[in-house]
Amino acid sequence: MSLKAKVLYQKVAAPFFMAAAKLVPNIFFPIIKRPKPAGPYFVGVKTVEFLRDNDCESNSEPSNKLSSKIWYPAENIDGLSRQTVFNADELKNLQPVLSETTGMPPVIIKQLANSVTWSYENAALIQCSESSLPVVVFSHGFGMLNTSNIQLCEHLASHGYMVISIAHTSFSTAVRFNNSEVIGLDKKKSEPFHNGELIHAVLPVIDTKSLTEREKSTRGWSNVKTQKDIESIWVNNIKACIDNFQNNTCLTNMSEFSQAGNFFNIGAVGMSFGGSASASIGHEDSRIKAVVNLDGGQVGTTLMNKKIDAALLMLHSNAIELCSGGGFNDFHYEEYQTSGLNNSVLRALIDGSSHHDFTDWCLIKGGLARLVFMLGNVNGGRMTSMVNELTYTFLNKHLKNHSVNVETTDLHYITSTWKEVKWLDGSHVRNMNDDHNVSMNSERGGPV
């Protein structure tokens, strides 16, 4: 089914689904059940706020505040209970804004929020030496939440990672601060994503069969000024997060986390727009050693025909099928003449997946519900396992300084286990002057 057909079906099905879910939510929208993280550690979670300008004496206006969730390996969970996505107080504050922004009835938001995670709030951090825990900074997709990828954050934390998930204020569906203030998605700032400007720019990228023409169209799409301006804000948010934690600036009761994390060997991971921002800061900030982009189109032309300064794993859905084959970011992250020859830049397609399958939404059950949320054909538990293991294994290879014993699996083994993972070899870009069309499922030699 084409992307246009999926959108049409969603519009037809959504009103019926929303009405039915109000009457019998547990039938039409059962609460998401989450697979247990595979690592040896319990998972703790804390909410941490900081300021963009790192100045503790400055006026903490809403526009200057950032909130984050931090997942980490926990010492013990005595007397603690597994947390839902939002606790009762958070849900009380967030629900009106989430309903207004998304158009979802409160009953569906409640079903999403009441999903029980494997995290224990404020559990004690494991005993470890200074700067020993590998750090990952996660960025959500545009208009999503910093709790949209809990499964991945928990998976990494259960294996000994400290994962800081930023809520990008005004670009997240809703952000709740410790004083119960809630800031929703700024409709004016998000207008470029809804007024057709980006759609018109991206259509030539999809429709052309010529690689040389697609390269030109990619430059046009990547250079849309409004999205470049927004990404600059996100990159600065990520930098402010790292600076605050590295220096323990303006953070309350977080000194042990600042001491435990290795903030000179960081992984930047993001979904969609957050994936693009992660790659951008990975090229700008020497503290970032590895990047994982989960189905994000790369903004800007800085990294076109240019080798990125960090190791990078690019995972694509096939929600958008390009007439000229390959992946959406084929012209980013490497020089064209050596595309696919650098083992520190890996690209793969997860066949049968959609864009939203790279979030916890992939675990939603029921054909109608999955249609409304525009999910693909891959089983949710299987999709979660693939994204978790690919990300974890890639980060393990490129983020050194582990103080904990973690089992590693090479990416070649994962490829042989999951037939949905199709590695892209970059040969079509190397041979672009020949203007050959290639299959999206072109396999690269065994990744390491």
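S210 is buried, with a relative accessible area of 17%, where buried denotes under 20% relative accessible area, exposed over 50% and partly exposed the range in between (1.4 Å probe, protein chains only). The structure is a predicted model, in which local features need pLDDT of at least 70 and side-chain atom pairs count only at pLDDT 80 or more, whereas totals for chains, interfaces and linings use all residues. Residues are numbered from 1 along each chain as its sequence is written, and side-chain values use heavy atoms, with hydrogens and water left out.

S210 is located in the loop between α7 and α8; helices (H or I, at least four residues) and strands (E, at least two) are DSSP runs numbered from the N terminus. A separation of 8.3 Å was computed between the C-alpha atoms of S210 and C323, which are 113 residues apart along the chain. The protein contains 15 helices and 13 strands, and 58% of its 448 residues count as buried. Of the contacts (heavy atoms within 4.5 Å) with a separation of 6 or more, 75% are accounted for by residues 24 or more positions apart.

Helix α7 spans residues 197-207, and its buried residues are L198, A201, V202, V205 and I206. These residues lie on the same side of α7 because they cover an arc of only 140 degrees around the axis, the arc being that of the directions from the helix axis to the C-beta atoms. The buried residues of α7 pack against α8 (211-222) and α9 (225-247). A further buried position is I414, with 3% relative accessibility, which is placed in helix α14 (residues 411-417).

On a 1 Å grid over the protein atoms alone, a cavity is a set of points where a 1.4 Å probe fits but cannot get out, a pocket is an open set with protein on both sides within 12 Å along at least five of seven lines, and lining residues have an atom within 4 Å of a point. Grid points are joined across faces, edges and corners, and a volume is the space filled by probe spheres set on the points. Two cavities of 30 Å³ or more were found by this rule.

The largest cavity has a volume of about 140 Å³. Its lining comprises 15 residues, of which V45, K69, Q83, T84 and V85 are the closest to its centre. Two or more lining residues are given by each of β1 (42-51), β2 (65-74), β3 (82-84) and β4 (116-121). For the classes, Ala, Val, Leu, Ile, Met, Phe, Trp, Tyr, Cys and Pro count as nonpolar, Asp, Glu, Lys and Arg as charged, and the others, Gly among them, as polar. The lining of the largest cavity accordingly has four nonpolar, seven polar and four charged residues.

The second largest cavity has a volume of about 90 Å³. Among the residues that line this cavity are N149, Q151, D357, F358, M383 and N388. The elements giving two or more residues to this lining are α5 (150-158) and α13 (380-398), and the largest share, four residues, comes from α13. By class, the lining of the second largest cavity has five nonpolar, five polar and two charged residues.

The second largest pocket holds about 480 Å³ of space. It is lined by 31 residues, with T47, V48, E49, S67 and N178 nearest its centre. At least two lining residues are supplied by each of β1, β2, α3 (88-102) and β7 (174-176), and β1 provides the largest share, seven residues. The lining of this pocket divides into 14 nonpolar, nine polar and eight charged residues.

Most residues other than glycine have a negative phi, and most peptide bonds are trans. S170, although not a glycine, has a positive phi of about 80 degrees; S170 lies in the loop between β6 (162-167) and β7 and counts as buried at 12% relative accessibility. M374, likewise not a glycine, has a positive phi of about 55 degrees and lies in the loop between α12 (367-372) and α13. With a disulfide defined as a pair of cysteine sulfur atoms within 2.5 Å, the count comes to zero disulfides. C153 is buried, at a relative accessible area of 1%, and C241 is buried at 0%.
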